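Have the viewer ready as you read.

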Amino acid sequence: MIKLLGKSLAVETLKEDEITKQGIILPSNIVRERERSSLNVGTVRFISPKCDMEVSVGDRVVFVEGTYWKNNERKNPDEFHLDDTTLVRVPQNEVIAVIT
């Protein structure tokens, strides 16, 4: 168990493309080269107590992940590991949708 600070969520990103019951393909990563940021889909694992969004643990969310590039590799400073799971700290204002 972790306690996030600020208004943020810990999200486990999808490892591969998934298809919803309605047949919508949720890509694991859609990279926008021009903006050097990416649109991601993931599952909420932890929520900061200060977060005032209508989101629950287990919800799937779409979020903009702030990344930078170094030596042609995508780096994410907010990525961390808990047990065998890789999580990304996502500020509340970078979550753009909840998938229902």
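**From one threonine to the core**

Leaving aside its neighbours within four places in sequence, Thr43 touches Ala10, Val11, Glu12, Gly58, Asp59 and Arg60, where contact means heavy atoms within 4.5 Å. Before going further: this is a predicted model, with local features needing pLDDT of at least 70 and side-chain atom pairs counting only at pLDDT 80 or more, while totals for chains, interfaces and linings use all residues. Residues are numbered from 1 along each chain as its sequence is written, and side-chain values use heavy atoms, leaving out hydrogens and water.

Thr43 sits in strand E5 (residues 37–47). Thr43 counts as buried because its relative accessibility is 12%; the cut-offs are under 20% relative accessible area for buried, over 50% for exposed and partly exposed in between (1.4 Å probe, protein chains only).

Zooming out, the chain has zero helices and eleven strands, these being DSSP runs numbered from the N terminus (helices: H or I, at least four residues; strands: E, at least two). Of its 100 residues, 32% are buried. Among contacts with a separation of 6 or more, 60% are between residues 24 or more positions apart.

Now for the inside. The largest nonpolar core has ten residues, including Leu9, Val11, Val44 and Phe63; such a core is a set of buried Ala, Val, Leu, Ile, Met, Phe, Trp, Tyr and Cys residues joined through side-chain atoms within 4.5 Å. Strands E1 (8–13), E6 (60–66) and E10 (85–91) each supply at least two residues of this core. Leu9 has contacts beyond four places in sequence that include Val44, Cys51, Val88 and Val95.
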